[in-house]
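Look at the model below.

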Amino acid sequence: VIEEKTDCHRCNQTICDLADLLYPALPKTTSKNTITTGHDGIFLIKSDELDEYIKQHQPFLLRYDKRTKTGEHTALNIGLSKGRTYDRVLVFPTKNMLQFIKTKDHTKAGDVSKLYVAITRAKEHCVLSYASRGYTGNELEVAHIIRDLPEVHFVREYKEDTEKTLL
């Protein structure tokens, strides 16, 4: 007899809820993490705001693999982070991962297990980075995906609003 465990002691409930969408046939997870920081959950950040975010929050950086563009930032491959826990995680996602974020359709996520590992490493919050403009200045498809996201699991914070809160 296999007993399924549905309690999570690492992630907060918002992170668990998003992770559960990747495996819809499995029982839903209940977070036992009761710590709140005021900046908990899943967030999206434009790539041109990464430096400031990294300096302020010092997240652990994860990438799909060595081909993933991370700018000047050093990131660990997602697969190597399995079993580890970090307070805050920043993920450099693939286009497929962002398609999942938009649609909540696990069949569009690409490598489901890697995305699951990436977002569930975080105790407090997980941030996904995206580029809004290409080298020629045109709006990228990924930016359209982010712009059209439902706000069920995500908090949209703009740099100006965050600065007002902090100052």
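Contact here means heavy atoms within 4.5 Å. Leaving aside neighbours within four places in sequence, Leu 22 is in contact with Phe 100, His 106, Ala 109, Val 112, Leu 115, Tyr 116 and Ile 119. This is a predicted model, where local features need pLDDT of at least 70, side-chain atom pairs count only at pLDDT 80 or more, and totals for chains, interfaces and linings use all residues. Residues are numbered from 1 along each chain as its sequence is written, and side-chain values use heavy atoms, with hydrogens and water left out.

Now take the helices. Helices (H or I, at least four residues) and strands (E, at least two) are DSSP runs, numbered from the N terminus. The axes of H1 (residues 13–22) and H4 (residues 112–119) come within 10 Å and cross at roughly 175 degrees. That makes H1 roughly antiparallel to H4 (an angle over 145 degrees). Axes are lines fitted to C-alpha atoms, for helices over the stretch in contact, and angles run from 0 to 180 degrees between N-to-C directions. H1 brings Ile 15, Leu 18, Ala 19 and Leu 22 to the contact; H4 brings Val 112, Leu 115, Tyr 116 and Ile 119.

What does H4 bury? Its buried residues (under 20% relative accessible area, 1.4 Å probe, protein chains only) are Val 112, Leu 115, Val 117, Ala 118 and Ile 119. They pack against H1, E4 (60–63), E6 (86–92), H3 (95–103) and E7 (122–130). In H3, Met 97, Leu 98, Gln 99, Phe 100 and Ile 101 are buried. Just after H3, Lys 104 takes a positive phi of about 60 degrees.

Next, the sheet. It is open, has 5 strands in the order E3-E7-E6-E4-E5, and pairs in parallel; strands pair if DSSP finds at least two bridges between them. E3 (41–46) and E5 (76–77) stand at the edges with a single partner strand each, so one side of each lacks a neighbour in the sheet. E4 and E5 run parallel, joined by 2 bridges. Arg 63 stands opposite Asn 77 in E5. H4 packs on the sheet, touching E4, E6 and E7, and its direction makes about 125 degrees with that of E7.

Last, the cores. A nonpolar core is a set of buried Ala, Val, Leu, Ile, Met, Phe, Trp, Tyr and Cys residues joined through side-chain atoms within 4.5 Å. The largest has 28 residues; Leu 22, Phe 100, Leu 115, Ile 119, Cys 126 and Leu 128 touch the most other members. H1, E3, E6, H3, H4 and E7 each supply at least two residues of this core. A second, separate core of 10 residues includes Ile 45, Tyr 53, Leu 90 and Phe 92.

How values were computed
Angles under 35 degrees count as roughly parallel, over 145 as roughly antiparallel, 65 to 115 as roughly perpendicular and the rest as oblique. Buried means under 20% relative accessible area, exposed over 50%, partly exposed in between (1.4 Å probe, protein chains only).
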